[in-house]
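Hello,

Here is the structure I promised to pass on. Please load it first, then read the notes below.

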Amino acid sequence: MSQEKLPTSLELMCTPSFRLAYRDPELMEQPEMRSVRLQLEAMKPQLAMWKAKIDSTIVVFGSARIHDPSEARHNVQVAEMLLAERPSDRRLQMKVRQAKHLLELSAYYQMAQEFSRLVSEECKQDERKNYVIVTGGGPGIMEAANRGAWDAEMPSVGLNIKLPREQQPNRYISPDLCFQFHYFAIRKMHFLLLAKALVVFPGGFGTFDELFETLTLRQTGRMQRIPIVLFGKKNFWDKVIDFQFLVDCGVIDVSDLDLFFPAETPQQAWDYIKRFHERDEA
């Protein structure tokens, strides 16, 4: 390079190569930096949990599409109005059926909210925070669970994931405990890292994924012993999967059915979780 083209010190300081590595977005987004990004996603929520003095959590899973009953009723009305304009439209007919099913399921929104309120109220006394509610941070059942903790004036955690839709955080998450993840694997790890219980409401593929991964980890002894509570076993879970058939086929043991507990009320679920840990500590 000729002398007349030598850059100034200021020009050199403005080059991408001069940036501090951790402040260089182009560097951080390179495929070769995936391991560093994974580590950052693992550590950021952990540091925040330590700072907030959270010792243990209860994870609540469930559909993002199961809303508060008032909203569910409104969705039925909208679907029926659209169908009235085009009564032969099969897609709109299906939308009405789905909206009515979701209205029936909206009772679980209230149960999730009440369950979280119960837990949060009872665990209010300790300086260290135990049984803090953790959700996927989105709408529906997740919102209901965060809302229950908010009703009790207690913190709750939202572990959002970057998705094409349904990834907006609900307003009831504690602002300093609202996280966004890129990697599903790291998010799943944080769900279970401090978990003392898993409470599962009706849901779709995402809820199934999270439930069955936890069941697998419990079955194989690869995680801490925690109670797994299923809300709506008779009206929902037994209709979407035949657990007894898996036993009959020999692909799971009959003892594996003891890995989860069916609950129909928030108090029943909370009482079972407490009994589970009292037995373990005895």
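Lys 53 sits in the loop that joins helix H3 (34–51) to strand E1 (57–61). One caution before going further: this is a predicted model. The phi angle of Lys 53 is near 60°, a positive value in a residue other than glycine. Most residues other than glycine have a negative phi. Is Lys 53 buried or partly exposed? Its relative accessibility is 33%, so Lys 53 counts as partly exposed.

Tyr 131 also has a positive phi, near 55°, and is likewise not a glycine. Look for Tyr 131 in the loop between H6 and strand E2 (132–135). Its relative accessible area is 16%. That figure is under the 20% cut-off, so Tyr 131 is buried.

**The whole protein**

The protein has 282 residues, and 45% of them count as buried. It contains twelve helices and seven strands. The C-alpha trace spans about 80 × 65 × 45 Å along its principal axes. Take the contacts in the protein with a separation of 6 or more: residues 24 or more positions apart account for 69% of them.

**Helix H5**

H5 covers residues 90–105, which makes 16 residues. From first C-alpha to last, H5 reaches 23 Å.

Which residue caps the N-terminal end of H5? Asp 89 does. A side-chain oxygen of Asp 89 lies 2.9 Å from the backbone nitrogen of Arg 91.

Four residues to check in H5 are Leu 92, Val 96, Ala 99 and Leu 105, which are buried. Their cover includes helix H4 (69–85), H6 and helix H10 (233–240).

**Ser 106, between H5 and H6**

Ser 106 is in the loop between H5 and H6. Its relative accessibility is 3%, so Ser 106 counts as buried. What does Ser 106 touch, leaving aside residues up to four places away in sequence? The partners are Ile 66, His 67, Asp 68, Pro 69 and Ala 72.

**Helix H6**

H6 runs over residues 107–122. Its 16 residues should span 22 Å at 1.5 Å a residue. The end C-alpha atoms of H6 are 23 Å apart, so the span agrees with that expectation.

The buried residues of H6 are these:

- Tyr 108, Tyr 109 and Ala 112
- Gln 113, Phe 115 and Ser 116
- Leu 118, Val 119 and Ser 120

Ser 120 in H6 has a relative accessibility of 4%, and therefore counts as buried. Beyond residues up to four places away in sequence, Ser 120 touches Ile 133, Ala 149, Ala 152 and Met 154.

Asp 271 belongs to helix H12 (residues 266–281). At 27% relative accessibility, Asp 271 counts as partly exposed.

**H6 against H7**

How do the axes of H6 and H7 cross? They come within 7 Å of each other and cross at roughly 35°. The crossing of H6 and H7 is right-handed.

Both sides of the contact, for your selections:

- H6 contributes Tyr 108, Tyr 109, Ala 112, Gln 113, Ser 116, Arg 117 and Ser 120.
- H7 contributes Ile 141, Glu 143, Ala 144, Ala 145, Arg 147, Gly 148, Ala 149 and Asp 151.

By type, the residues of this contact divide into seven nonpolar, four polar and four charged. Ser 120 is one of the H6 residues in the contact, and Ala 149 of H7 is among the residues that Ser 120 touches.

Best wishes

How values were computed:
Residues numbered from 1 in each chain as written. Predicted model: local features only at pLDDT ≥ 70, side-chain atom pairs only at ≥ 80, totals over all residues. Heavy atoms only, no water. Axes fitted to C-alpha atoms, helices over the stretch in contact; angles between N-to-C directions. Helix = DSSP H or I, 4+ residues; strand = E, 2+ residues; numbered from the N terminus. Left-handed = near helix turned anticlockwise from the far one by under 90°. Contact = heavy atoms within 4.5 Å. Nonpolar A, V, L, I, M, F, W, Y, C, P; charged D, E, K, R; others polar. Expected span 1.5 Å × (residues − 1). Buried < 20%, exposed > 50% of the residue type's maximum accessible area, 1.4 Å probe, protein only. Polar contact = N/O pair within 3.5 Å; in protein donor to acceptor, adjacent residues only side chain to side chain.
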